Amino acid sequence: MLPAPCRPLLHRCSQQAAAVDTVGAASRRRRHRPLCIPSGPIRASAVAQQRRADAVGRMPPLAHREVMLELAGEAEAALGARLLPSEVPADVAEFRNAAGNALGSVDVRRGVPGSSVDFTLEAWFHRQLPGGGAIDISSLIFVLNGATDAPHFLMEFIQGGPTSLVILLDLLPRKDLPLHPEYITKYYEATGVDAHRRSIERLPQVRPYVSPLLLVRSLWSPTAVVVDVQCGEGREAALEEIVQGQLATSAKEVLGVWLEHSAAAVEMSDAERESMVARDKMISATELELNLSANLPRMFDADISARVVAEIRKAFLGH
């Protein structure tokens, strides 16, 4: 959630703002695809999806947002009765700066009692920059509890220009991998997720993204997609093709792996379970302080940032 790329990207975009038009002529003509809301007994899910679509629909249309919307809907439909209805207040579900230059939407859904899902979090941010240009961030995080040791799911897109995009896609490990080689085998080797990292990194427009924070780098799995896509000036169509092609395919496959493993209960000793959950909480607290609390005020007014961070803190830390 708002990881380390935000800080340098905000700085870089501010410098280049006069030369950047994030939406672009083609994007202005394009509109978000209608969100297909599945029928079924869980009406709360349909309401949440429509609220999300309405809020995001007020942001400039971008290919990465369309991909994220589709995957968020698929995940929500698959998780189904494992999730409680959203209880996020309206002023967190959709918010904007007083000046109208920043829009945001955050939704959190807890898992039902007995579910392996702790919570799901999705966030959508758009901030216009002085002199032109914008930064757009879309995040999707699925966090599990102590019923399983399966990884968490993270997907985040950070777009600072019409032809550039930072991509973060990973199954975040919940154990220290050198001490648990069987964890690597089960969740990373046997599932084949590393093939998606290789496919994306082979694209000529892709280069590695290196977080300036050493702690953040230590959290990724060996199969994480952490890249910076740079298509070059005037190559908006090339970025859209990558996002709707290889990126969408890989993200859907990695999400499928996570959905397959997320519901399976895993036998652990009480000590192992407590240690894993404590590790989760420690990492969450660190991420909140290093990234979210530090970066949201760069995009939104202080009162809005405080309100949104407080709601997300309840999900991550329970208070």
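## Ground rules

Residue numbers start from 1 in each chain and follow the sequence as written, and side-chain values rest on heavy atoms, with hydrogens and water left out. Because this is a predicted model, local features need pLDDT of at least 70 and side-chain atom pairs count only at pLDDT 80 or more, while totals for chains, interfaces and linings use all residues.

## Overall picture

The protein has 11 helices and 8 strands; these are DSSP runs numbered from the N terminus, with helices (H or I) of at least four residues and strands (E) of at least two. Of its 319 residues, 55% are buried. Here buried means under 20% relative accessible area, exposed means over 50%, and partly exposed lies in between, with a 1.4 Å probe and protein chains only.

Contacts are heavy atoms within 4.5 Å. Among contacts with a separation of 6 or more, 69% join residues 24 or more positions apart.

## The two cores

A nonpolar core is a set of buried Ala, Val, Leu, Ile, Met, Phe, Trp, Tyr and Cys residues joined through side-chain atoms within 4.5 Å. The largest one holds 50 residues, and Phe-153, Met-155 and Val-229 touch the most other members. Elements giving two or more residues to this core include helix H4 (63-79), strand E5 (152-161), helix H6 (181-189) and strand E8 (225-230). Helix H9 (236-262) is also on that list, and H9 gives the most, with 11 residues.

What does Phe-153 touch, leaving out residues up to four places away in sequence? Its partners are Leu-140, Ile-141, Phe-142, Leu-169, Asp-170, Leu-171, Val-254, Leu-255 and Trp-258. A second, separate core has 37 residues, including Phe-300, Val-308, Ile-312 and Phe-316.

## The second largest cavity

A search of the whole structure gives 6 cavities of 30 Å³ or more. A cavity is a set of points, on a 1 Å grid over the protein atoms alone, where a 1.4 Å probe fits but cannot get out; lining residues have an atom within 4 Å of a point. Grid points are joined across faces, edges and corners, and the volume is the space filled by probe spheres set on the points.

The second largest cavity contains about 80 Å³ of space. It is lined by 13 residues, of which Arg-52, Glu-76, Thr-120, Glu-122 and Phe-142 are the closest to its centre. H4, strand E2 (102-110), E3 and E4 each give two or more residues to this lining, and H4 gives the most, with 4. By class, the lining has 7 nonpolar, 1 polar and 5 charged residues; nonpolar covers Ala, Val, Leu, Ile, Met, Phe, Trp, Tyr, Cys and Pro, charged covers Asp, Glu, Lys and Arg, and the others, Gly among them, are polar.

Asp-228 sits in strand E8 and counts as buried because its relative accessibility is 4%. Its side chain makes a polar contact of 3.1 Å with that of Gln-230. Such a contact is a pair of N or O atoms within 3.5 Å; within protein, one must be able to donate a hydrogen and the other to accept it, and residues adjacent in sequence count only if both atoms are side-chain atoms.

Val-257 belongs to helix H9 and is buried, with a relative accessible area of 13%. Beyond four places in sequence, Val-257 touches Leu-171, Thr-191 and Val-193. Leu-317 lies in helix H11 (residues 302-317). Leu-317 and Lys-281 are 36 residues apart in sequence, yet 6.4 Å apart in space, C-alpha to C-alpha.

Notes:
On a 1 Å grid over the protein atoms alone, a cavity is a set of points where a 1.4 Å probe fits but cannot get out, and a pocket is an open set with protein on both sides within 12 Å along at least five of seven lines; lining residues have an atom within 4 Å of a point.
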